[in-house]
Amino acid sequence: MTTVVPTSEEDPVLPVVRFTAELSWADAGPEVAEPQVTRLCMEAQECMVMGRWLDLASLMLTSADIVFSKVSDKDLECIFTVICNLVSKLQTPNEELEAAKLISTKITQQPTDKPAIRLKILFNLYNLLEGPDSQFFVYMQALNLALNGKVTDHIVPSFKKIDSFLKEWNVGVKDQRNLFLTVANVLKENKSSGKDSFRFLTKYLATFSGEDSYVMSEAKEEAVRAIIEFVKAPDTFQCDLLDMPAVGQLEKDAKYALVYQLLNIFLTQRLDAYLEFQAANSTLLKSYGLVHEDCITKMRLMSLVDLGCNESGQIPYTLIKDTLRINDDEVELWVVKAITAKLIDCKMDQMNQVVIVSRCTERLFGHQQWHALRSKLASWRGNVASLISTIQANKVVEEGSQAMQGMAIR
């Protein structure tokens, strides 16, 4: 098979045009093919002379489908490298964006055919772009290609830079929503980290604030999804979903009010409330794929955390037993589970049958928790200031005493 090899003596554009044109017309016979190839080469040369780089990109992309099906990955990458490099010749951000849309749209037309090499070509295009609008558009195209082509492993590492990307792109709220939701979907498909998927899903929901009910309703399904993901997650015990308007709209929703109630139980109540809810809504829980035994396990841990936050630092074994609905010999086992999950720091006083808590994780961190933290910080600040004043006062007394001793010696 012929290989495209750009040389230093000749611009690689015309050889690529000729190569792809010959591939496109290969089945038509030389009588038909040669005039068509010549015509395309002349059009390309005219575009180059006139500086019509967008028209040239469009011309070169007409044979893209043929190229994908007939050449090796190496040749394919070489051809599209030449095409993508045309964006560096454009003078304005709008032209660059138009070219980026033209090229990336063609690349992503068949996402299940050679998706890995298509994604690599998109990354190469992204690295050639300078405009933030162009970069954002191509990155979103890459996300959707990775998702539809099931090659999410190739793009997940880039999520570590999302925050810095957002600063560079400076996109609006709607674009941020689209980005966060797509990233959450990629992570869900990839199954690499349920926590990361949930984190980006909550970022998406957090962008809905102050909008009218019509706009807010766009987030209903994803709000339900976030609640179910939180309840299912065996290692996630804290979230701020209850403070989000996108989630709050479910409270009085005819279809999803019970889902909101379930979230409220997990974040603010104890095991007995869940068991009562489950008894009345077991079919609903099963419809969302929730396993009753798993929910009990999570609620026991969250109930224990709640005891730690509300029982003045000491929790009697009997209270743990009654709250978690377990046997006497299981109390310390559940305390150890909570410690292992890093939900609480504590000591077990077996002699007095109490758990002495030094730290516990809040299930939610809303206005009430911020107010409590502010009060603690103010108290600590006052204590430190008092300590500093005492030290300074003692220092003055000590210096005065030393001075008197010096005078007495003289």
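This is a predicted model: local features need pLDDT of at least 70, side-chain atom pairs count only at pLDDT 80 or more; totals for chains, interfaces and linings use all residues.
Colleague: How far apart are the closest N and O atoms of R225 and E229?
Modeller: R225 and E229 are four residues apart in helix α13, about one helical turn. Residues three or four places apart point the same way, because an α-helix has 3.6 residues a turn. R225 and E229 form a salt bridge, and their closest N and O atoms lie at 3.1 Å.

Colleague: R225 also forms a salt bridge with E222. Which helix holds R225 and E222?
Modeller: The closest N and O atoms of R225 and E222 are 3.2 Å apart. E222 is buried, with a relative accessible area of 17%. R225 and E222 sit three residues apart, about one turn, and both belong to helix α13 (residues 220-232).

Colleague: How many salt bridges does a search of the whole structure find?
Modeller: The pairs R225 with E222 and R225 with E229 are among them. R52 with E46 is another, with closest N and O atoms 3.6 Å apart. Over the whole structure, the number of salt bridges is 16.

Colleague: Are R52 and E46 buried, exposed or partly exposed?
Modeller: Buried needs under 20% and exposed needs over 50%. R52 has 32% relative accessibility. E46 has 45%. Both values fall between the limits, so R52 and E46 count as partly exposed.

Colleague: Of C41, C239 and C309, which is partly exposed?
Modeller: C41 is buried, at a relative accessible area of 10%. C239 is buried too, at 8%. The value of 29% belongs to the partly exposed cysteine, C309.

Colleague: Why do the buried residues of α9 lie on the same side of the helix?
Modeller: In α9 (residues 162-169), the buried residues are I162, F165, L166 and W169. They share one side of α9 because the arc they cover around the axis is only 100°.

Colleague: How far apart in space are L275 and I296, C-alpha to C-alpha?
Modeller: L275 is in helix α16 (residues 271-287). Beyond its neighbours within four places in sequence, L275 contacts H292, I296 and R325. L275 and I296 are 21 residues apart in sequence, while their C-alpha atoms are separated by 8.0 Å.

Colleague: Which residues make the nonpolar surface patch of about 200 Å²?
Modeller: One member, M348, lies in strand β2 (residues 344-349). M348 is partly exposed, at 30% relative accessibility. The patch is made by V336, I339 and M348.

Definitions and conventions: Residues are numbered from 1 along each chain as its sequence is written. Side-chain values use heavy atoms; hydrogens and water are left out. Patches are made of residues with over 30% relative accessible area and no salt bridge: like charges are joined within 9 Å, nonpolar side chains (Val, Leu, Ile, Met, Phe, Trp, Tyr) within 5 Å. Accessible areas come from the Shrake-Rupley method with a 1.4 Å probe; for residues, only the protein chains shown count as cover. A salt bridge is a side-chain nitrogen of Lys or Arg within 4 Å of a carboxyl oxygen of Asp or Glu. Helices (H or I, at least four residues) and strands (E, at least two) are DSSP runs, numbered from the N terminus. Buried means under 20% relative accessible area, exposed over 50%, partly exposed in between (1.4 Å probe, protein chains only). Contact means heavy atoms within 4.5 Å. The arc is that of the directions from the helix axis to the C-beta atoms.
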